[in-house]
Amino acid sequence: MWSWRKLAGILACCLSLLPIHGCGVYIPDWDKHADKRLEAVLQAIQEENREGLKAQFSPRAVEEAENFDAGMDYLFSMFQGTVQSWKGSSGRTIMESIEPKGRSVLMKSWYTVVTDQNTYKFLMIDYPLETLEPDREGLYTLRVMREEDEETQRTRYWTDMMLPGIYQPEQEASDDSL
């Protein structure tokens, strides 16, 4: 006769083998998602497509940004040249929260983008999946800097760079208000 302990042990062993075999469980490829997001952002920048760029952002990021349109203006004027290549860094960070009411995935990605005129660093902070607060789903932060400006525009902690919308350095931001 089977005891409850034996059944529980067998069940635990079987359940521990499920991840090895997959059993049809879908695990998203967040790297591909980030790459597709970057490609869409780059296309919008190259075409100076304001609506296309804005569509990459979450409704909350657009709403919370200090001046989203000024950020787009800054980005379109700062980013020069035609994209030649891009490469993601190995420092991608993914944080996932699973709660009874839903799931949230926060992803931080760094890219180097080379144009025929300059080299840029891109930081994207994205919520590729957000069922806890659906208005947060989408790109939250886009920070683009010339490679030579990275030392002055990059902070030690990425959370300090997590600002809604398109980052615009304070000097350039104050120049626009004159």
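User: How many of the residues in the protein chain are buried?

Analyst: Buried means under 20% relative accessible area, exposed means over 50%, and partly exposed lies in between (1.4 Å probe, protein chains only). In this predicted model, buried residues make up 38% of the 178 residues in the protein chain. The chain exposes about 11100 Å², and carbon and sulfur atoms supply 52% of that area; accessible areas come from the Shrake-Rupley method with a 1.4 Å probe, and for residues only the protein chains shown count as cover.

User: What conventions apply to the numbering and the values?

Analyst: Residues are numbered from 1 along each chain as its sequence is written, and side-chain values use heavy atoms, with hydrogens and water left out. As this is a predicted model, local features need pLDDT of at least 70 and side-chain atom pairs count only at pLDDT 80 or more, while totals for chains, interfaces and linings use all residues.

User: Which elements have the lowest and the highest mean pLDDT?

Analyst: pLDDT is the predictor's confidence in each residue, from 0 to 100. The protein chain averages 84, and 76% of the residues score at least 70. Among the elements, H7 has the lowest mean (55) and H3 the highest (98). Over residues 20–25 pLDDT stays under 50, and for this stretch the model has one contact beyond four places in sequence; contact means heavy atoms within 4.5 Å.

User: How many helices and strands are there, and in what order do the elements run?

Analyst: Helices (H or I, at least four residues) and strands (E, at least two) are DSSP runs, numbered from the N terminus. The protein chain has seven helices and six strands. From the N terminus on, the order is α-α-α-α-α-β-β-β-β-β-α-β-α. Of the contacts with a separation of 6 or more, 60% are between residues 24 or more positions apart.

User: Is helix H5 enclosed or open to the outside?

Analyst: Eight of the 11 residues of helix H5 (residues 68–78) are buried, so this helix is largely enclosed by the rest of the structure. The buried residues of H5 are Phe68, Ala70, Gly71, Met72, Tyr74, Leu75, Phe76 and Met78.

User: Which residues touch the most other members of the largest nonpolar core?

Analyst: In soluble globular proteins, nonpolar side chains tend to be buried together. A nonpolar core is a set of buried Ala, Val, Leu, Ile, Met, Phe, Trp, Tyr and Cys residues joined through side-chain atoms within 4.5 Å. The largest one here has 37 residues, of which Leu53, Phe122 and Leu142 touch the most other members. Elements giving two or more residues to this core are H2, H5, strand E3 (102–115), strand E4 (119–130) and strand E5 (138–146). H2 supplies the largest share, seven residues.

User: Which residues is Phe122 in contact with?

Analyst: Leaving aside neighbours within four places in sequence, the contacts of Phe122 include Leu38, Val41, Leu42 and Ile45. Phe79, Trp110, Tyr111, Leu142 and Val144 are also among them.

User: How many salt bridges are there?

Analyst: Side chains of opposite charge can pair when their charged atoms come close. A salt bridge is a side-chain nitrogen of Lys or Arg within 4 Å of a carboxyl oxygen of Asp or Glu. By this rule the count is 10. One of them joins Arg50 and Asp69, with the closest N and O atoms 3.7 Å apart. Arg50 lies in helix H3 and Asp69 in helix H5, so the pair ties together parts that are 19 residues apart in sequence. Arg50 is partly exposed at 29% relative accessibility, and Asp69 is partly exposed at 38%.

User: Which residues form the salt-bridge network?

Analyst: Glu133 and Arg136 form a salt bridge at 3.8 Å, N to O. Glu133 is partly exposed, with a relative accessible area of 30%, whereas Arg136 is buried at 17%. Salt bridges that share partners join Arg60, Glu130, Glu133, Asp135 and Arg136 into one network.

User: What is the phi of Glu48?

Analyst: Most residues other than glycine have a negative phi. Glu48 has a positive phi of about 50° although it is not a glycine. Glu48 lies in the loop between helix H2 (30–47) and helix H3 (50–54).

User: Where is Ser89, and how far is its C-alpha atom from that of Trp110?

Analyst: Ser89 sits in the loop between strand E1 (83–88) and strand E2 (93–99). Ser89 is partly exposed, at 33% relative accessibility. The C-alpha atoms of Ser89 and Trp110 are separated by 5.5 Å, with the two residues 21 residues apart along the chain.
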